[in-house]
Amino acid sequence: MSVSLSRDGDVAVILIDNPPVNAASQAVRAGVVDTLATANADPAIAAIVIACAGKTFVAGADVREFGKPPVPPFLPDVVLSIENSAKPVVAAVHGTALGGGFEIALAAHARIAIEDASFGLPEVKLGIVPGAGGTQRLPRLAGMVTAIELAASGRRISAGEAQKLGVIDRIAEGGLIAAATAFARELAGKPLRRTGDLPVRPFDEQQAAAQIAAADKKARGQISPGEAARLVRLAADLRLSEGLARERAKFLELVGSEQAAALRYVFAAERAAGKIPGLEDVAPRAIGNVGVVGAGLMGAGIAVSFADAGYSVTVVERDQPSAEAGRSRVESLYDRMVKSGRIDAAGKAERLGRMNFFADRAALSGSDLVIEAVFDDLDVKRELFSALSGIVRPDAILATNTSYLDPDAIAEVVANPQRFVGLHFFSPANVMRLVEVVRTATVSPEVLATGLSVVKRLGKLGVVSGVCEGFIGNRIFTVYRQHCDFMLEEGALPHEIDAAMEAFGFPMGPYAVNDLAGLDISWARRKRNAATRDPSERYVVIADRLCEAGRFGQKTGKGYYSYADGRKTVDPEVTALIEAVSREGGHVRRSFGPDEIVERIMTAIVEEGRKILDEGIALRASDIDLVLINGYGYPAWRGGPMYQAGLAAADAQ
Ligand code: 3H9
């Protein structure tokens, strides 16, 4: 039985118990309707509580039912029967009330939650819009501007924020169900406050219109965020029943769309990525103290990620001034978060309170895990890990953040190399969600499992990669960039390639990204590798020529583009340089349309993806898609290159 009814005096408690996340499956929907009817028909019952067993409140509709013929009762009807209940219904929320779960709570007559509960409408991330009243009821409680923002972004809010916004009534002190029962009893016999009857408070029309336009723009081709925003806006103009009908129609239209299918694939892919054959029964180790060596941009971002997730962090730099500079870097990252409203001053102080900065590696002796983010040079890293082997506990996990070096060559100097793993963060590390968890030749299953579990606790997505140059992501990105350069040499210009990829859905084209990141680092790497380069391989010298001309990207005011007055503009000097390179190589320049550009790049990516799969570097095609989506801005609503090429369908669905 996934829904049961019990009685506490004159209060009926409807308990949903559908592990793992209490998704609103057909059995749950039918159970709620039945128990609600029973409670309403029972004269001894004065009020009703809806709560959940297990780790969370209802986490949404059952996504496994999407794409199949819907079976009644439908969630919007279940939600209406809650709102129309003659007796007061209190939603008692713990864990995450998401999507359909949040919609159930919104339709109740009151909401109480424990402090660490959270709420959200993540439907847009699945390529759909809320389909059980979320877009119509949320603005009636939270106000138009907040509701648009939440529905279009899928952002989750804490119980505290929900209370401030008027979305929930109380935070439970003591036991949740006992507090909810007492609350329900207070409401018994009083006039019911039905969310659907509330008016939408007056709001700034221009602001709402700007939010909708921004949602469309930010989505870069994904339909659902703008549609969700528009539906919320309609709540101010339409009666509830009309608004609900419009919402339902849009939900049904989008749930059958290609974008929704692709995003459901991504959802399943993310769950599959954490399941590693052979690790099913391996328990990860508990990690409390984390050491970070190097507090440059990458190290500071990594340290912040760990402190944000509640770890104690020991940051070590080579000398006192560098340690101080590291602390300032971390502080300025937090200042930015305070400025953007993501945390408050107390949050900053709390996080900094978990961090210590030292100029002596000996400070790492108590760490459970040490990750390095020092200069990406084999000798530098080998010296570090050899020294660390004599400092940290013999069982402490050691991790490298190298992007291009061979971690197995580093492992040679590590005492007990079964504890050595790669944790490849993407820059900026405190923002980017992807971490490649690199399976070194020597790593033990327990350490690999711990790496994955730590990454999950950081709120990031871990994807296991085998060892090869650049791992999954940079290896594919290198090929992607190579083919872009080939097109430059054959007749395309940087802004044409960037425009084609941006129209495809990338936030930035490859050359704009290069200008932002700086051209000098990869130039230095190319110079280091020049001696071992295969002379028969096609090599495009455009990037080298730009660097020779001092064009290192935005930081020097010029790279593939010119940034003379702060704006990115096409630079005739670069066009001339590219044309000269084409001439020298004997290429007759021709024009490239956006479709050809995209197709050429996709073909190259998929070909490299296949090799990566064949070599066993990636466990599944869907892992490759996740790396590109979360590390390189590939539009999630397209599913990923392997999915689009039909190579991933069986993987994660
Ligand atoms: C919706 O509600 C539409 C409505 O507006 C309208 C309807 C008419 N269904 O993530 P985890 C499974 S759209 C089915 O590892 P966590 C998941 O596959 C929905 N299954 O756990 C996995 O299974 P397995 C809106 C689901 O603790 C297991 O649960 N809701 C669903 O890290 C554990 O998942 C969402 O989009 C589901 N809805 O995180 C919420 N959700 O073990 C999506 C999860 O076999 N879910 N599973 O691989 C989440 O965000 C996270 O799962 C959650 C837990 C935060 C709940």
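Biologist: Which strand is joined to strand β10 by four bridges, running parallel?

Modeller: This is a predicted model, where local features need pLDDT of at least 70, side-chain atom pairs count only at pLDDT 80 or more, and totals for chains, interfaces and linings use all residues. Residues are numbered from 1 along each chain as its sequence is written. Strands (E, at least two residues) and helices (H or I, at least four) are DSSP runs, numbered from the N terminus. The partner of β10 (residues 289-293), parallel to it over four bridges, is β13 (residues 369-372).

Biologist: And which residue in β13 is the bridge partner of Val292?

Modeller: Two strands pair if DSSP finds at least two bridges between them, and β10 and β13 are joined by four. In β13, the partner of Val292 is Ile371.

Biologist: Which strands are at the edges of the eight-stranded open sheet?

Modeller: The order is β12-β11-β10-β13-β14-β15-β16-β17, with mixed pairing. An edge strand here pairs on one side only, and these are β12 (355-358) and β17 (461-465).

Biologist: At about what angle does helix α18 run to β16?

Modeller: Angles run from 0 to 180 degrees between N-to-C directions, with axes fitted as lines to C-alpha atoms, for helices over the stretch in contact. Contact is counted when the C-beta atoms of two residues, placed from the backbone, lie within 7 Å. Helix α18 (residues 471-490) lies across β15, β16 and β17, and its angle to β16 is about 110 degrees.

Biologist: How many residues of helix α12 are buried?

Modeller: A residue is buried if 20 or more other C-beta atoms, placed from the backbone, lie within 10 Å of its own; 12 or fewer makes it exposed, and in between it is partly exposed. Helix α12 spans residues 297-308, and its buried residues include Met298, Ile302 and Phe306. It is mostly covered, with a buried count of 11 of its 12 residues.

Biologist: Why is one side of β5 and of β8 left without a neighbour in the sheet?

Modeller: These strands belong to an open sheet of three, in the order β5-β7-β8. β5 (96-98) and β8 (157-158) stand at the edges, so one side of each has no neighbour in the sheet: each has a single partner strand.

Biologist: In β8, which residue is the bridge partner of Phe119?

Modeller: Strand β7 (residues 118-120) pairs with β8 in the antiparallel sense over two bridges. The β8 partner of Phe119 is Ile157.

Note on methods: The expected span of a helix is 1.5 Å times one less than its number of residues.
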